[in-house]
2 protein chains.
Amino acid sequence: MSTKELRDFFHPKSIAIIGASTDFTTISGKPMKNLIHSNFGGEIYPVNPRYDSIEGYKCFDSILDIPGKVDLALIAVSASRLISIMGECISKNVKNILLFSSGFAEIGDSGKKIQDEVAKMAQENDIRIIGPNSVGCLNVKDSIPMGFATSMEAEKGFIRGNIGLVSQSGALGFSVFGLAQEESLGFTYVINTGNEMDITTVDSIEFMLEDDETTVIAAYMEGIPNGEHLITVAKRAKVLRKPLIILKAGKSAIGKEAASSHTASLAGSEEMFQVIAKQYGIITVKDIDEMIDVMKIVSRRKWSNGRKVVTISNSGAAGIAMADFSEEFGLILEPLQGETKDKIDATIPSYGSALNPIDITAQALKEQHILTETVETLVRDDNTDIIVIQTTFGGVLGEQICRSVVEIDKREEKPIIVTVTGTEELTGKGRQVLRESGVPVYKTTYDTMLAVKHLVELSEFYHKETDLSSPVSRAHQPDNVQYKTRVWTEDESKRLLKQLDIRVPENAVIQSVEQIESYVEGLKFPLVAKIISKDILHKTDAGGVKLGVQNIDEAKQAYIDIMEAAKNYNPNAHIQGVLLEEMLNKNGIEMFIGVKSDPQFGSFLVCGLGGIFIEVLKDISIRHIPITKEEAKTMVEELKGYPLLLGTRGQERSDIEAFADALVKISDYVDQQNGTLKEMDINPVVVLNDGEGIIALDGLFVWDEVESAYLVSNQ
Amino acid sequence: MSTKELRDFFHPKSIAIIGASTDFTTISGKPMKNLIHSNFGGEIYPVNPRYDSIEGYKCFDSILDIPGKVDLALIAVSASRLISIMGECISKNVKNILLFSSGFAEIGDSGKKIQDEVAKMAQENDIRIIGPNSVGCLNVKDSIPMGFATSMEAEKGFIRGNIGLVSQSGALGFSVFGLAQEESLGFTYVINTGNEMDITTVDSIEFMLEDDETTVIAAYMEGIPNGEHLITVAKRAKVLRKPLIILKAGKSAIGKEAASSHTASLAGSEEMFQVIAKQYGIITVKDIDEMIDVMKIVSRRKWSNGRKVVTISNSGAAGIAMADFSEEFGLILEPLQGETKDKIDATIPSYGSALNPIDITAQALKEQHILTETVETLVRDDNTDIIVIQTTFGGVLGEQICRSVVEIDKREEKPIIVTVTGTEELTGKGRQVLRESGVPVYKTTYDTMLAVKHLVELSEFYHKETDLSSPVSRAHQPDNVQYKTRVWTEDESKRLLKQLDIRVPENAVIQSVEQIESYVEGLKFPLVAKIISKDILHKTDAGGVKLGVQNIDEAKQAYIDIMEAAKNYNPNAHIQGVLLEEMLNKNGIEMFIGVKSDPQFGSFLVCGLGGIFIEVLKDISIRHIPITKEEAKTMVEELKGYPLLLGTRGQERSDIEAFADALVKISDYVDQQNGTLKEMDINPVVVLNDGEGIIALDGLFVWDEVESAYLVSNQ
């Protein structure tokens, strides 16, 4: 999709309203009313055979009767009439359609059939569709309302700004827009995608990303239409330094069910989405309040250099709360030192505190200079990354103080965040001054510190070097190929691990008693003997494993016993041989490395410690593939059981470095397989003492059968 | 303290303002202004030798010149003048003093000295003091403002109601009051305790608990003045079914530091406070917003029968969010069934959903009956514990719908909670109708569901039987006795455990080689031999342990070896003998039981699994002593490692019952020791298979030396 196409969609010069109504209180009447009220500069063509004119505009029987070109058709007719209307739009060469109608995929099979037919007609004729089940879209830049949402009626007009908003839900999207405008936040576009027959939330994000005036994008999603696309878009957002805020609904089992009945979308695995968000710098929020709070702080487009916060307040309790929430959100509050502390000490009353939190005392509500001088000092302090001010700012002086904070904020690069507590009656004016100047301002310390946390994390993500150029690894196989699952034997799996330079025990595959003597030459006893057969997955059950084989005679006997047991267990099994393998004679920590394939996002790498850490504590770390070495290390550090690797309990430190290397090797390999590796499990992989490396004791690869991948491991 | 005394404090008939000022914008002027503006019905006596009269009120040179009785003195003079003012108050027989002045304990030693002197004078003369460093108190019931907080100036008067509020911080307390009044919440008293020289937050809670009109109490605390008192008060709150909401600040290390510089209070251990709160039904909140949100829902005084929530919305997205947050907060959303579902199906449009979340569709904004009939049906559904409604309620019809919700809420016992989303402009009136009628109403789904969670947890606490009559176990020893720490030997500890009917290995203490043959009769070999000496705590280091003693000869040799090693290790050690003990020949799960003594709250019981669960995962469960059997079981169930006891990994289930019994036995025993047990550790205690019991392999008791306790174990 080219973003040019969507640009046309949101910048129409002529709009036809099919199914227009003279009753401006109805869904079919409101779009016309909204266009008129907002003084739309282009042509408005109502279409409805029942009227000659609406509000002085000539009303047409059919879209085909319209004399001029139609850039956009708004359609509010019932689903049953849609096919014929589509035909007329095709004849009229309309390229953009916004569908308000409901009664499609969300109501079941009959609706789905119409929806599929309409989609087919659109695709064949290069028509782009938003909806069905959309309340419409709003081009705030040019003040063009295309729909019937209540927020499009705003009498005072709309606040233009730098935020682009897209929402699968119309009610939620325009509710956010309305509330955000009350907070003086300005927008470029508001898009409600509804059922997403064609244009999705991610398409809309992509379009707004390339729009120069849009520098912050927020999205509400009930499902992820295309995981690969979302990742591509998130990478682009980082290149452009345009924060991407996503509220993803349908976390709970019931929520997911409700989501799919709502706009017929499939909510993807919440856990995988959270992994993706963290890895690609998407800011996730829990509700619309938090979304608006984040909009405020990232709209200001000041990134922090670190997480060192200095807080200023004129109430002890507020200072304590700021300290408490800073700690909760991983921000750093260090006591002020040296010149900075001395200067502030000289500024504030003697009974205040120039530590951090700084207590400028209630006197600061009487003397404007106390706050402004304190802020000026902190702006120049290299040890201060973010300045957070809390106070009540009541009355005329409060308003004046706010104006001077605005002045400093305009001039300086350092983020300045303000909490104005107290009733609207007491503090409303100061709050408004800050809001209108774009200074992030909040009503509670909790909301403030949570927003600061998001800013700090985003800034850290921006500062971190990541590979943005490589294509996103594939999640899906081509539709036209049939695959079947193929499970590699332990022997095949281990040969691949060896190729990847991941150590496995020395071994040999024996196909007859006679081979043993020469094949095991060089192997150190004791050995373990295991049956190798695609048809025998549970080796122990089949009597196919023998431990502690001490010499060649025992090896021969083990071979004979195992072959016999295996044949008894499954007479039809195709047996490739018996694996004779050195037993590990070193201690280490048992871990596992796994790969999980997600239908939305492709391959994920998983690691963790074995035993109770997995079975009882579900203690795992997950990343989307590919990962860097640095990320591999972070994965390990995140594990609850990490201290075991560091060597608590009087043990030596384990070779974390080697384990991280193995993670990267697996990641790189999987990344090259085009999504054909369904599942992988190296379990256990024993992490030896530091410097001694790791050793994989077992491996399992499950493929969607593809020749090339198979060949790699057998070459 | 009798609550009668405090009643007099807040219901004065005559008030002297010492240090009154004609400048009504100052701290010393505002209290008088506020009393006049609120039409205080009693006597107002300004005291200041600089004026003859203030606003027509005769101004006195000294409190001693006042002709009538003075019920309450408000004092706004500097700390240095306070001692002489106190003298005058004593002469005048003033019994209640509210101190606005600052410059006391919070500024260091010199201030602390004055504070102590004032406290002494007060105590000797039965004077009660609030402050110093208080902004004042407000008797909302009778509209008597006693202080200078901005919220006391409210021109429109105050909303009376059923909430009592006490805050250590004046800024925070009156900020909560102001914001809550904007939400139409009504109060009885607002008390700011400041430095708490005498009257504390907990005293204030106790006073308000016994006030009939106060049925909800909220408190902001930076430290816990007296843990025992708080628990007593919390128990009483349960008896009276008066919800107790506490915002406790100073969680973080820095916050704690800031707290102690703020009003000179020591923030207690946050973790212990949280344990206390959970155990005694105190609702803890993170900030003032959440405090107000909880006030709303508990002020309505409808308790839920369970945690089954049914949600109604007219937007799909809202339904999803309600489901998501319900799951997050442990609420239960079950699909509707049977008659209830059928009735609602018949009420709502066909494209709605009568499952749960119920989607009544946008049509419900046009037809009032859809929502009200749905609510009426749910009110009668035994499977619905709480009804949560989300919608926008705009315009005249929205207001009407809100009125009908109010009608139902008034009539029915079942909690009905409402979320009104959308801008104030669109939805303000409906919201106001609900607020003024006391229906809990919120702006976001998150806030709503969090409040519902608090309601459900409180209701469950009310339904749960707990022993409220027993006195709170003691935290402190009497001041006038000197204690020294005494550590019991393993032998002493095990004897006590045996007395408590907690199984320990069969054993005997040997003091000579000759004793062995007869003493070990009846013990099963193999045995373990261990040195018993108060002076040798690290037995293994001293060569004082020998495992696997197989027969009497080996036992004799072990005795000789151990005695010799011990003497070499510490020639001056007093040696009580050698413990010969059966070795455990059964498998089980190693756990520990501990007791921790907290200076604020007294004794806590701790349990957990051994090994990595403690060392790496800090996986423990804590309760305040005493506990019931039911609580003991819950403690075990809360452990992350609990599945191990249930027998995952193919193991048998462990004897959880016996372990819980042991917890109760220890709890009961410790409860009787009057806080003299400093520390206790039974580690490991092996939990055998179900039905086989437990066995304590080691035990350590550390006492503040008290004869009686010592005797118990040696009788």
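Analyst: Let's start with the whole chain and then zoom in. Chain A contains 24 helices and 30 strands (DSSP runs numbered from the N terminus, with H or I of at least four residues for helices and E of at least two for strands). This is a predicted model, where local features need pLDDT of at least 70, side-chain atom pairs count only at pLDDT 80 or more, and totals for chains, interfaces and linings use all residues. Residues are numbered from 1 along each chain as its sequence is written, chains are lettered from A and ligands numbered from 1 in the order in which they are written, and side-chain values use heavy atoms, with hydrogens and water left out.

The C-alpha trace of chain A spans about 100 × 80 × 40 Å along its principal axes. Out of 715 residues in chain A, 59% count as buried (under 20% relative accessible area; exposed is over 50%, partly exposed is in between, using a 1.4 Å probe and protein chains only). Take contacts in chain A between residues at least 6 apart in sequence: 72% of them join residues at least 24 apart, where contact means heavy atoms within 4.5 Å.

Now for the close-up. A:His454 sits in helix α16 of chain A, which covers residues 445-463. With a relative accessible area of 6%, A:His454 is buried. What does A:His454 touch, leaving aside its neighbours within four places in sequence? The partners are A:Ile283, A:Thr284, A:Val285, A:Glu290 and A:Val294.

Chain A is split into domain 1 (1-133), domain 2 (159-299), domain 3 (304-463), domain 4 (506-582) and domain 5 (589-714), with bounds from an automatic or database domain assignment. The contact between domain 2 of chain A and domain 3 of chain A takes 20 residues from domain 2 and 16 residues from domain 3. The C-alpha centres of these two domains lie 30 Å apart.

Zooming back out, there's a second copy to consider. Chain B superposes on chain A by a rotation of 180° with 0.0 Å of shift along its axis, at an RMSD of 0.1 Å (least squares on C-alpha atoms of residues with pLDDT of at least 70 in both copies). The two copies are thus related as by a two-fold rotation axis. As for how they meet, 100% of the interface residues of chain B are also interface residues in chain A, so the copies meet through the same surface.
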